[in-house]
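Below is a short briefing on aromatic rings and nonpolar packing in one protein structure.

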Amino acid sequence: MNTLAYAGFIIAAIGGVILIIFGIVSIFASPFVGIFTASVIGGLSAFVGGIITLILGIIAVAGAKWVASFFWGIVLLIVGIIGGGVGGVLVFIGAILGLIARLTKKS
């Protein structure tokens, strides 16, 4: 793994961990969102959003090792776009670095 792909791996892994942390916080905060907004739909929305963010974070951490492969680079780009926030941006940047390393690799 060259230096650019390794930097992409580190950045994507950090972004995935941030997505996991934000997902867990959102899941545990969802009852309070429902109470303070006096809406069950608000709490349910926060819970479902937390589950989705947690799943995307797990995918990002699992795929960060293969960020230099073309398939996982594209998958991590999509995860970064859907994930959003700071973690999603880091996953997106890591995927871009991995794809650049893959496309500029000399034979």
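**Aromatic rings**

Searching the whole structure gives 3 aromatic pairs, where rings of Phe, Tyr and Trp (its six-membered ring) pair if their centres lie within 6.5 Å, and planes under 30 degrees apart count as stacked, over 60 as edge-to-face and the rest as tilted. The model is predicted: local features need pLDDT of at least 70 and side-chain atom pairs pLDDT 80 or more, while totals for chains, interfaces and linings use all residues. Residues are numbered from 1 along each chain as its sequence is written, and side-chain values use heavy atoms, without hydrogens and water.

- Tyrosine 6 and phenylalanine 9 make a tilted pair, 5.9 Å centre to centre with 45 degrees between the planes.
- These two residues are about one helical turn apart because they sit 3 residues apart in helix H1 (residues 3-36); helices are DSSP runs of H or I, at least four residues, numbered from the N terminus.
- Phenylalanine 71 and tryptophan 72 pair edge-to-face, at 5.9 Å centre to centre and 75 degrees between the planes.
- Phenylalanine 71 is exposed at 57% relative accessibility (buried is under 20% relative accessible area, exposed over 50%, partly exposed in between; 1.4 Å probe, protein chains only).
- Tryptophan 72 is partly exposed, at 25%.
- Trp66, Phe71 and Trp72 are linked into a cluster by ring pairs.

**Nonpolar core**

- The largest nonpolar core has 13 residues, of which Ala60, Leu76, Val79 and Val91 touch the most other members; such a core is a set of buried Ala, Val, Leu, Ile, Met, Phe, Trp, Tyr and Cys residues joined through side-chain atoms within 4.5 Å.
- Two or more residues of this core come from each of H1, H2 (40-63), H3 (70-83) and H4 (85-103).
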